[in-house]
2 protein chains.
Amino acid sequence: MKNHEAQINTWLKENRARGARLLQILVRENSTRGNESSAQAILIEKCRQLGLTLDIWEIGSEELKNHPAYCCDRHDFEGNPNLVAVLKGTGGGKSLILNGHIDVVPVGNESSWERDPFSGHIECGKLYGRGATDMKGGTAALLMALESIIASGIKLKGDVIFQSVIEEESGGAGTLAAVLRGYCADGAIIPEPTNMKIFPKQQGSMWFRITVKGKAAHGGTRYEGVSAIEKSLKVIQRLQRLEKDRNDKISDPLYQKIPIPIPINIGKITSGEWPSSVPDTAVIEGRMGVAPNETMQSAQAEMEACLNELNEQDSWFKDHPLTIEWFGGRWLPGNMESSHPLMKELSASFREVNGEEPVVEASPWGTDGGILSAVGNTPVVVFGPGTTEIAHDANEYIILDEMFAASEIIALTILKWCGVQE
Amino acid sequence: MKNHEAQINTWLKENRARGARLLQILVRENSTRGNESSAQAILIEKCRQLGLTLDIWEIGSEELKNHPAYCCDRHDFEGNPNLVAVLKGTGGGKSLILNGHIDVVPVGNESSWERDPFSGHIECGKLYGRGATDMKGGTAALLMALESIIASGIKLKGDVIFQSVIEEESGGAGTLAAVLRGYCADGAIIPEPTNMKIFPKQQGSMWFRITVKGKAAHGGTRYEGVSAIEKSLKVIQRLQRLEKDRNDKISDPLYQKIPIPIPINIGKITSGEWPSSVPDTAVIEGRMGVAPNETMQSAQAEMEACLNELNEQDSWFKDHPLTIEWFGGRWLPGNMESSHPLMKELSASFREVNGEEPVVEASPWGTDGGILSAVGNTPVVVFGPGTTEIAHDANEYIILDEMFAASEIIALTILKWCGVQE
């Protein structure tokens with residue numbers, strides 16, 4: 001085994017340029033929602049070159065759409081397929097899913113970027129571009145891990161199932177489709193940007209849309225109307241209080257160092273059409289975090305109770321009640337015990353490569369791990385390069401050294417988990 | 001004179017259906033910004049039938065665009081002309097401008113309307129539709145007043161200059177163009193919806209756009225970003241305080257009964273692109289009221305001082321300062337003395353028609369009167385049917401009885417002001 005580990009270490013060292021180049025061409029393909037095909041094409045070709053068994057399909061079957069965990073507002077998946085590529089084992093080992101998502105979030109305010117958001121520019125060991133961290137860097141780390149094993153001539157006993165899915169950022173329909181297609185395993189690693197921490201538990205989350213009614217009027221006699229913006233302030237302040245109350249109750253030691261374990265993020269507000277009119281409608285959209293030990297339903301009920309409280313206490317809302325929709329993104333929480341064997345193997349590999357103990361925490365955000373574990377019955381651990389701090393920000397980047405370290409740790413974990421045919 | 005007044009009263013009574021029909025076809029033409037032509041066509045044909053001297057032109061000359069009072073973000077005026085139609089007097093009388101605007105504000109949330117926003121539906125003496133009150137009702141009242149005089153065979157000494165301008169809702173470029181074309185007079189009446197009150201002073205106003213910077217981040221670790229929405233709350237609260245401070249200083253008795261004499265209306269907010277990202281930019285647009293006795297510049301300076309204060313006191317704004325633009329709409333305040341002769345004639349006509357004293361107040365909103373008086377040196381009084389309460393709201397309507405009363409009061413004022421050739 002020691003020999004294999006040395007081979008992998010050497011191969012990864014010698015192929016850094018190859019790995020950086022793979023990530024660069026991936027980042028250069030804008031794969032925001034609905035535009036995933038060209039980035040997927042790069043991965044398909046890479047997996048073909050690696051000799052993996054390819055499964056490329058457009059998601060959207062009736063079975064998928066009728067599944068209770070399906071939560072998606074996209075209607076057209078045509079031309080933007082899911083990819084699963086299997087490295088078949090010789091038998092007798094445990095199987096492992098390596099899951100990455102190809103979709104990236106929008107670039108935001110383009111003027112905040114110092115370069116083209118899809119530049120793939122490399123400087124001082126960092127590679128820049130939307131998706132570099134979330135999570136094309138993780139995906140490249142997975143493929144480099146697989147390539148290091150294959151190139152070293154190592155034969156695995158268990159199957160490795162590489163997945164590049166669409167729709168993670170919008171609720172996980174891509175991973176759900178893969179689960180329903182039969183892809184389950186004895187364990188799974190998702191290299192979302194954990195800043196090289198190991199997250200056995202993942203926060204779930206779901207999107208909401210609150211509609212606030214006002215009463216239009218001329219801005220010059222604004223007292224004759226009711227401003228949907230002013231009423232929204234009340235709603236936002238109430239949600240801030242709910243966030244505090246919910247987080248005060250979190251006692252899981254894995255969340256100890258996280259300032260807000262299950263945040264309520266107000267991501268979007270739109271109200272008004274005309275500067276000199278009192279706006280009659282405001283729409284607030286956001287994301288509610290769900291604790292590993294709670295259900296989506298109970299979290300939903302807490303927010304709905306808050307809004308009902310406002311609807312009862314505020315005389316305007318009494319007659320013009322706030323409404324809420326749970327639309328779009330929806331990620332089930334994940335809850336692997338810290339003592340699970342996959343945690344043991346991953347932690348050991350981390351120590352071997354980095355020479356120190358890994359930090360084990362609960363993930364501050366939802367991943368497709370919730371679907372994989374809850375629906376696919378596959379235990380999931382989340383571990384990868386890059387930090388969430390810059391994941392959805394302008395000038396997103398990944399530190400390439402970290403990507404290669406993750407690649408090596410994952411490669412060693414694969415050897416231990418799947419077993420090597422000597 | 002009494003005979004003329006009786007003639008007008010009789011004609012207006014006999015031609016109610018004609019007046020209602022004129023307003024109905026006007027309301028049925030959507031004349032939101034950029035779509036004014038078809039409603040103007042109705043007025044052009046009406047003025048032609050009345051035998052007025054027509055002046056129809058597309059605004060947008062270099063002289064207009066370079067004028068200091070020009071404030072307009074519209075580039076294309078093609079196909080949507082201004083209209084001036086003159087009833088030439090026999091000489092020796094005072095001239096009078098009758099000014100109305102043809103542009104209407106957007107319909108807002110269409111689902112709040114019980115009928116098509118441009119239905120022109122008549123029920124229980126009310127005519128419904130966007131613009132019925134603001135201010136096609138006023139414009140119809142002007143034309144019915146003129147028609148009653150012409151149809152009664154009355155010859156006026158002074159000129160009456162009827163104007164149907166574009167762009168009132170966005171800063172008055174239409175009226176400014178008419179002034180620059182040479183249309184000034186000894187007095188002017190603008191029948192904006194004053195609820196039949198007489199407004200010798202008009203509040204000025206101007207639009208602003210404040211940009212609030214944040215720092216994007218993944219919503220799951222929202223504490224790593226800075227929410228532009230949360231920072232906007234601070235800005236809005238500061239503007240609410242500024243509004244209070246400014247209004248506490250208003251002592252003009254004409255504003256005594258107005259809850260907020262010079263409001264700061266937040267008309268629009270847009271922030272964020274994605275429910276699970278922390279938004280990095282928010283844009284707040286609104287309208288700031290300007291008191292009759294203050295300059296646009298001093299009002300602007302007060303708001304800018306507020307933002308500068310936030311920029312100094314808030315550690316985030318210190319490094320990411322709030323910025324403000326004064327864009328789009330801009331209406332100069334108007335300041336006619338209550339003792340002006342036009343006030344006297346209008347008040348006398350009001351008493352004759354309604355049998356009671358008129359209510360004299362300061363207008364709670366800006367009108368094109370500011371441009372007419374400040375640039376065109378034409379004393380302006382604002383008086384018309386309809387209430388601002390429903391002016392920019394869903395289900396806008398006008399009470400037809402009120403429109404006809406306004407028409408009669410304006411007709412009698414014309415006789416007194418311009419003088420009748422016996």
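Reply: Helices here are DSSP runs of H or I with at least four residues, strands are runs of E with at least two, and both are numbered from the N terminus. With that in hand, Arg241(A) sits in helix H7 of chain A, which covers residues 228-248.

Before going on, a word on the basis: this is a predicted model, where local features need pLDDT of at least 70, side-chain atom pairs count only at pLDDT 80 or more, and totals for chains, interfaces and linings use all residues. Residues are numbered from 1 along each chain as its sequence is written, chains are lettered from A and ligands numbered from 1 in the order written, and side-chain values use heavy atoms, with hydrogens and water left out.

Back to Arg241(A): its relative accessibility is 46%, so it counts as partly exposed. That label lies between buried (under 20% relative accessible area) and exposed (over 50%), using a 1.4 Å probe and protein chains only. Its C-alpha is 55 Å from that of Ser152(A), a residue 89 places away along the chain.

For another kind of setting, look at Ser276(A), in the loop between strand E11 (264-271) and strand E12 (277-278) of chain A. Ser276(A) is buried, at 3% relative accessible area. Contact means heavy atoms within 4.5 Å. Leaving out neighbours within four places in sequence, Ser276(A) touches Ala217(A), His218(A) and Gly219(A), plus Trp207(B), Asn265(B), Arg287(B) and His392(B) from chain B.

That brings in the partner chain. Superposing the copies by least squares on C-alpha atoms of residues with pLDDT of at least 70 in both, a 180° rotation with 0.0 Å of shift along its axis puts chain A on chain B, with an RMSD of 0.0 Å. That is how a two-fold axis relates copies. In chain A, Thr270(A) comes closest to the axis, its C-alpha being 2.3 Å away. The interface residues of chain A are 100% shared with those of chain B, so the copies meet through the same surface.

Zooming out, chain A has 12 helices and 19 strands. Its radius of gyration is 23 Å, close to the 22 Å from the globule rule for 422 residues, so chain A is as compact as a globular protein of that length. The radius is taken over C-alpha atoms, and the rule is 2.2 Å times the number of residues to the power 0.38. Of those 422 residues, 64% count as buried.
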